[in-house]
Amino acid sequence: MSQEIGQSEEGQRKTLPIEKGFPIERVNEIAAKEGRAKQWYRPVYTMHKWWARRLGCVFRTISLYSLLDDPDKVEVYEPGGNENLSNFGKASTDVSDLISDVDVADPESLWELYPKDVRIEDKKILDPFMGGGTSIVEGSRFGARVDGRDLNPVAWFISKKESETGQTDPEELQTAFEQVKDDISEEILQYYRTPCPNVDGDHQADVMYNFWVKELDCVSCDSTVSLFRDFRLGSGRYENDDKYNVICPECGEIVLVDDWQSESVCSSCDHEFIPEEGNIDYGDYVCPDCGQKYPVTDTIEEQGGFDLRLYAVEYYCSECEEAGRTKNEVKGYILPDNHDRELFEKAKREWKDADELSQYIPNKPIRPGWKTDANQFEGSMGGNGNLPRHGYTNWTDMFNSRQLLCLSKLAKSIQKIDDENSREYLILAFSDSLRMHNMMTTYNTGYNKIDHIFKTNSFTPQMAPTENNVWGTEYGLGTFEKVFEMVLRGVKYGNSPTERYIENGDTIETEPFQKAIGESVELEQGDARNIVAENEYDCVITDPPYYNNVLYSELSDFFYVWLKPQLEGEYEYFESEHTPRSESIVVNPASDKGDEEFETELKQAFSSIKRALKPEGILSFTYHHSSSESWGELLQALCDVGFEVTATYPVSADIEKFLAGESVEFDIVIVARPAQDRQPISWNSLRRNIYRTAQKTRKRLEENRDLSRGDIGVVEMGRCFHEYSKHHGKVERAGETMSAKEVVDEIYGVIQHGSDIGEIDVFLDLLETPDASYDDLNKLCRGTNATPERMEDMRLYRMDDGFKLGTWDDEKRIAYIQSRVESDEELTDIDRAQFLRYRWEHGKSVSEYLGKWEITDDLRELCEGLADATGDDTYRNILESRLSDY
């Protein structure tokens, strides 16, 4: 018989709050906002780029629900003071009640402590895959001893500086920055000035961005081909915000047009062109003179590289702003003149003669890898890079001479800072700013801002790169000055962290906590499989690698090669030429590692983690939501090394995809404990237990929680995994032992067929969802028989102009149904119902179709459901006055 959710049997270890329930709704409503404004919610995490960084609110909640088990060792303080709250004090029955009242049906009792300054005694946390350090920071805020490790030296350095924010004096850091500013800013800024276009040589404006385009000689006619994918420069601003700035392909002038995708006329030379049509067709250039098409990479190899031409400048003029000129005069786009070109040549000459600065730049070959030169390796996988064929063989090839000059001057100046801690924060800012100080960046023409090199988590050569102002001006992103401001904000937050939460729909920020970040933290660089601790940690909170999700070891080399000359004298982790790769637990053909190697190595890491945990300890981690096969592998690995899964919960994740306009994916929080004695069981008995567990969980969640069916399915899955984990390796069916993968397949079937939710059910849910989006579709499909792909095939939605449901009044949806009717193809009930509704609306007869169609109970029920979902009683009228006759 399955055990009641959250129940601890006498004599057994305590069931922790996170095993009993998790406030999915509360976490996700904060996550939706925090993901859009991390620099304000938790600025400590915006000091430096790290990939797939999980949100702080998720890990704070995981920590809160994983660490609190003994009310006698919990102290609660009101933010803004350091006075222990009497009703949450030590040995308080109130805290005891908050812990014990957590339940799958109502997990929010402990949520009351989320915005409080909670301190917990005698807890030790480990994160063996700390990455960007989220778990380290959040765990330290509870007063726990936190140990972290990561194989990657860049991740170690980022996490180190995050964890030291609470012990850093912001004023000392500001003083160090001012020293660098006084020392070098003007030397850098002199290379980013242009004659102000509003006056005749009276003064200069600041350059925000220089716009370059690669050029090749046509292999047929020797004409110079500028490699524009299209001729957009940027959206119009202010009074011209409904227009577009484009480049005339004939005379090169900047032209303001109504629509960059339509026929336009140059206001300077009267040339007619469509700005959308550039000189690039996929991987080929197209010569505008002779029409020759030829591969860009072949041409680069044959001609020994490419040329770069400065074709536009974006400026900002503070003097014009002070003089009260219009916004379009203060900031805008102009053509470069001889001054701009000569300024670059001056920087180029200075860099050529600056031998003493070469020690600060990574003049070394780019290491071959899947993201850099996949052609060298066998295997197939997305995201393959091809840098050498684009002319990039050294790291310095990614930068122009002015960038190398200014960056090396800046690095040299930072090294003059005596205080090691302040110097390292300036190095951190320098490193992060590199994302937007290279010639692999491009310009976001829709938002008029630069995009960083890792927008697509790859090294993507740009045909028209954008050069940023290294030091920075009033406007612009990613400059050293702007990145330092984010670092300083992170340090101030580390000294006095706050918490934001939602109450009655409003976002509330607490007063600063007295507990600073990182007071008891120890970090090291190393392989998770080599942890030597035994029975030492109360809790492991982490975010382990997931197959080939992101190849950090290859991408982070970009930062590492710049950090190495600045840090190798201080830390042994930066002595090697590159970041560790062969030891990385990841699917990567460049390391000759596939799924099998990944699964074996992750299992080894879990074994090391199990050994480090106390027998009553807990493992809580986030993992990418994936297929039943991947879940089977994960469950098998955990159970094989001696864990039992006790709960799973869905949480929002990878918010950057949402911000980029892609569909949001979801992570699962997985909770596991060291396994106790496992008992043999027959599959028939276990199957009955799993059915009962799933039904009981679903019923309680549906009755008490506002969760989607997919979210409920994930929680069900965790409860079912727990039932299996207690018998792993001892489940017999027809005389054979079942594997975890086989059981997971069965569990998926139980959860899916238990509700039997299909595409039409999801469509009805979407009709009831205000402003339904593709993300809503994804959520509603999770844990059901429906898939977004199948629904798209059924024309129940389309994405050609944003997300649009296939309702009866959608022309494309009706055209699809009409074509099926005319060709006598099989129709679904939703096809029939919408077709009848359309004809009814337009006064056309429905009798012909009702006479030849079978009017089933399912069709009757669907018409009722459509009427309820849309408030359109016409469906009900059709049902009553027409369908009833048949």
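Start with a single pair of residues. The bridge partner of C539 in β25 is I618. Keep in mind throughout that this is a predicted model.

β24, residues 537–542, runs parallel to β25, and five bridges join them. Strand β25 covers residues 613–624, and nine of its 12 residues are buried.

Now to the empty space. Rolling a probe the size of a water molecule over the atoms shows where such space is left. Here the count comes to seven cavities of 30 Å³ or more. The largest cavity holds about 500 Å³. It is lined by 34 residues, and the closest to its centre are F129, G131, D150, P545 and Y552. By class, this lining has 17 nonpolar, 10 polar and seven charged residues.

The second largest cavity has a volume of about 70 Å³. Which element gives the largest share of its lining? That is β25, with three residues. The residues lining this second cavity include T622, Y623 and H624, as well as A52. By class, its lining has six nonpolar, three polar and two charged residues.

Let us stay with A52. This residue sits in the loop between α3 (38–41) and α4 (56–67). Most residues other than glycine have a negative phi. A52 is not a glycine, yet its phi is positive, about 50°. Is A52 buried or exposed? It counts as buried, because its relative accessibility is 16% and the cut-off for buried is under 20%.

Terms used:
Residues numbered from 1 in each chain as written. Predicted model: local features only at pLDDT ≥ 70, side-chain atom pairs only at ≥ 80, totals over all residues. Heavy atoms only, no water. Helix = DSSP H or I, 4+ residues; strand = E, 2+ residues; numbered from the N terminus. Buried < 20%, exposed > 50% of the residue type's maximum accessible area, 1.4 Å probe, protein only. Pairing = 2+ DSSP bridges. 1 Å grid on protein atoms, 1.4 Å probe; cavity = no way out; pocket = protein on both sides within 12 Å on 5 of 7 lines; lining within 4 Å. Points joined across faces, edges and corners; volume = space filled by probe spheres on them. Nonpolar A, V, L, I, M, F, W, Y, C, P; charged D, E, K, R; others polar.
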